[in-house]
Amino acid sequence: MRTGVLGRGLFGDSVQTLWTRVLNVALSAALAILVSRALGPHGRGLYVLPGILAGLGSMAFSGLKTVISRAMLHEGRGRGAVVASIVCSVPLIAIGAVATSVLALVLHQMWAAPWAVAALPFMAMPMIASGYAYGLGDVRAPNWMNLALVSVTLAFIGGG
């Protein structure tokens with residue numbers, strides 16, 4: 001009987017994760033289209049290139065989510081894992097900043113580097129929050145967080 005209850009929980013979490021990610025992708029696409037149209041054909045790179053560079057630079061700290069949840073679940077560290085991950089994120093963000101800047105230099109697009117580097121800490125924070133939620137055993141909260149971030153951004157930019 002326990003396996004059946006566990007199976008229903010896993011299925012429900014999986015379905016919720018699927019539909020929130022699908023909705024997140026759709027809203028992200030709408031946001032990208034809205035910004036691209038607002039900037040016009042000559043300004044699209046102003047929005048796209050720093051985002052791409054920041055996405056590549058964020059790979060330096062992409063493991064934060066997994067490390068936090070592991071520390072909380074297997075080592076019983078609780079909130080101490082969050083403090084440790086914030087401390088660990090500083091040098092990881094610095095590594096991502098260097099990688100982002102080097103890539104911008106190679107692409108001859110140094111104008112985009114400061115904007116991409118400025119975005120890196122804001123990309124690390126949702127990873128830390130997601131890892132904390134996973135460490136608490138809550139699979140659904142990070143899905144709602146990601147959806148809320150895109151929705152609020154789309155609402156503010158669309159309203160502007």
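Which residues in H4 meet which residues in H5? In this predicted model, Val82, Ser85, Ile86, Ser89, Ile93, Gly96, Ala97, Thr100, Ser101 and Ala104 in H4 meet Ala113, Ala116, Val117, Leu120, Pro121, Ala124, Met125, Ile128 and Tyr132 in H5. The residues of this contact of H4 with H5 divide into 14 nonpolar and 5 polar, with no charged residue among them. As for the geometry behind the contact, the axes of H4 and H5 come within 9 Å and cross at roughly 150°, which means that H4 is roughly antiparallel to H5, and the crossing of the two helices is right-handed.

Helix H5, residues 113-135, also has helix H3, residues 64-74, beside part of its course, for the axes of H3 and H5 come within 7 Å and cross at roughly 30°. That angle makes H3 roughly parallel to H5, and H3 passes H5 in a right-handed crossing. On the H3 side the residues are Leu64, Lys65, Ile68, Ser69, Met72 and Leu73, and in H5 they meet Met127, Ile128, Ser130, Gly131, Tyr132, Tyr134 and Gly135. The residues of the contact of H3 with H5 divide into 8 nonpolar, 4 polar and 1 charged.

The largest nonpolar core has 20 residues, of which Leu53, Phe61, Ile68, Ala81, Ile93, Leu120 and Ile128 touch the most other members. Helix H2 (44-57), H3, helix H4 (80-106) and H5 each supply at least two residues of this core, and H5 gives the most to it, with 6 residues. Isoleucine 68 can be followed individually: leaving aside its neighbours within four places in sequence, this residue is in contact with Ala81, Ser85, Ile128, Gly131 and Tyr132. A second, separate core of 6 residues includes Leu31, Val35, Leu147 and Leu154.

When neighbours within four places in sequence are left aside, alanine 116 is in contact with Pro50, Leu53, Ala54 and Thr100. Alanine 116 and leucine 49 are 67 residues apart in sequence, yet they are 8.3 Å apart in space, C-alpha to C-alpha.

Terms used
Residues numbered from 1 in each chain as written. Predicted model: local features only at pLDDT ≥ 70, side-chain atom pairs only at ≥ 80, totals over all residues. Heavy atoms only, no water. Axes fitted to C-alpha atoms, helices over the stretch in contact; angles between N-to-C directions. Helix = DSSP H or I, 4+ residues; strand = E, 2+ residues; numbered from the N terminus. Parallel < 35°, antiparallel > 145°, perpendicular 65-115°, else oblique. Left-handed = near helix turned anticlockwise from the far one by under 90°. Contact = heavy atoms within 4.5 Å. Nonpolar A, V, L, I, M, F, W, Y, C, P; charged D, E, K, R; others polar. Core = buried A, V, L, I, M, F, W, Y, C linked by side-chain atoms within 4.5 Å. Buried < 20%, exposed > 50% of the residue type's maximum accessible area, 1.4 Å probe, protein only.
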